[in-house]
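Visitor: Hey, can you walk me through this one? I'm new to reading structures.

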Amino acid sequence: QPSRLAAVLNCTPLTNCYSTTNPLRKSTPETAVRDCFIDRARVTMDDKQEAYRQLIERAKRLNLTEAKSLGVLQLPDIRGADGRPIVVMSPGLVDIKRLQDKDFVERLKCFFLLSLDDISKVEYNVVLFATKMKFSFRLFHFLFSEVYSILPRPYKKNIKSLFVIHAPDSAKAFFRFVLFMVSRKFWKKVHYLPCVAALAAELEAKEDIKSFVPRFVVAHEVRHAPKLQRLAEAYAITKAKADAKKAASAASAAGGGGGGAKPPGLPAPAPVQPAGAVFGQPLAALESNQHGVPLFLIQLESLLQKHALGQEGLFRIPPPQDDLNHAQKLIDSNKTPTFFAAPTLEPEEVNIIGTLYKLFFRRLPEPLIPFDKYDALITAQSSHEEEVIVRGIEGAVISMPREHRNTLLHLVQFLTLVAVQSQSNKMGMSNLALIFAPSILRSSDLNPLLELSSIKARVEVVQILFNNLDRLEQLDVYKEVRRPAAN
């Protein structure tokens with residue numbers, strides 16, 4: 001009630017807003033309410049700066065060795081494409097039982113504020129791994145309601161982006177409540193990312209970001225690789241569209257044309273699974289046509305050309321997992337799904353075929369672009385000159401095994417047909433490169449973190465490959481499969 005709130009606001013002098021024994025802790029619910037109103041009505045910037053300064057001085061006198069050793073807060077010597085420093089928070093590294101210890105929580109709080117004191121004076125980005133949030137709710141509450149609320153206003157404004165990785169629905173609900181209490185403007189700074197690879201693409205860091213990714217995050221991505229792959233593909237398409245729209249708006253405002261934004265990367269392929277009759281088999285072991293192209297791929301392409309090249313969401317929208325697993329099991333048992341012979345296909349059936357097509361390349365034990373070509377192509381990409389990259393691709397193609405070389409050309413030719421109908425299926429060459437690059441160009445090292453630094457490079461290489469089909473077809477090694485010239 002207004003009268004009671006007025007009494008609360010006037011009952012205590014301003015100097016008592018914080019406890020005299022602990023400037024971090026509000027002594028009663030009434031002081032918390034009072035602080036909320038005083039913050040807007042009476043507390044000056046000098047008052048808050050003084051309280052913060054006293055807290056920092058106290059933190060400097062404490063032994064914070066244990067809090068530092070946890071690794072829950074890192075300040076890596078890595079900067080994103082915008083040049084801003086990065087603050088990394090990993091609450092899942094804190095034992096939930098320790099959060100019952102008030103002295104431990106207090107020292108952890110002081111460690112956070114002391115560590116952030118210098119970096120928060122300039123613009124910075126925050127990376128928050130929510131992978132084990134259900135085990136760290138109290139710590140998340142501590143981060144936002146205690147640490148963030150103590151920071152002076154200029155320090156809060158210097159947070160330019162908050163990247164939340166692996167946030168479950170419960171975490172998003174928590175953030176929605178907390179961020180509403182903190183600042184409505186802060187919502188614009190929050191970005192939910194499905195995987196570490198998406199973070200690497202967002203930051204566009206020149207250095208390898210694997211140094212600050214905790215092991216439990218890596219283990220989570222390995223366990224849930226198929227699901228994260230699908231989420232990352234959907235995220236990449238959405239991000240590419242948003243970037244393209246933003247670039248178009250900027251070009252329009254400048255009064256000139258402009259190219260689309262560079263696409264973000266995708267995660268490394270799922271771990272190798274047991275091979276069936278088709279999926280997981282080497283190309284050389286599969287039944288193929290006279291050029292070494294697997295008949296299974298040709299069958300899928302025929303179905304897609306007949307029923308689905310113009311369907312929106314092709315290769316992007318995943319089918320029900322049970323239906324996909326059933327179709328894959330039939331194919332690996334040398335059987336054919338009944339809907340392959342249907343005169344028409346439902347959208348869900350088209351999505352099954354499209355996903356099977358992607359899955360075939362992802363499950364190849366030796367990727368379509370062989371492992372031994374990976375380093376050379378990534379090195380060529382580092383030049384950032386398209387001609388150098390194209391020559392690197394040509395050199396790799398010439399020395400590939402015949403079945404890999406011819407299947408690669410066959411894939412690019414088919415995806416070119418898909419891209420021709422991009423107005424209806426929304427799958428231009430850039431989007432197709434986003435989806436297929438992680439499967440056809442990958443390193444022999446199965447650790448997904450070791451490839452994070454090259455995700456963007458792999459997508460760029462594959463996109464240049466797709467965009468240079470005519471030049472690829474002129475190579476002497478493709479005489480046997482070269483399309484006849486138009487009259």
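Visitor: OK, what order do the strands of the open sheet have?

Guide: The five strands run 1-2-3-4-5, with mixed pairing. Strand 1 (73-74) and strand 5 (190-193) are the edges, each pairing on one side only.

Visitor: And how many bridges link strand 4 and strand 5?
Guide: Four, in the parallel sense. Leu 162 stands opposite Val 190 in strand 5.

Visitor: Is this an experiment or a prediction?
Guide: This is a predicted model: local features need pLDDT of at least 70, side-chain atom pairs count only at pLDDT 80 or more, and totals for chains, interfaces and linings use all residues. Residues are numbered from 1 along each chain as its sequence is written, and side-chain values use heavy atoms, leaving out hydrogens and water.

Visitor: So what's the mean pLDDT?
Guide: pLDDT is the predictor's confidence in each residue, from 0 to 100. The protein's mean is 77, and 72% of its residues reach 70 or more.

Visitor: Which elements have the lowest and highest mean pLDDT?
Guide: Helix 1 (residues 2-10) is lowest at 41, and helix 17 is highest at 94.

Visitor: What angle do helix 17 and helix 19 pack at?
Guide: About 150°, with axes 10 Å apart. Axes are lines fitted to C-alpha atoms, for helices over the stretch in contact (heavy atoms within 4.5 Å), and angles run from 0 to 180 degrees between N-to-C directions.

How values were computed:
Helix = DSSP H or I, 4+ residues; strand = E, 2+ residues; numbered from the N terminus. Pairing = 2+ DSSP bridges.
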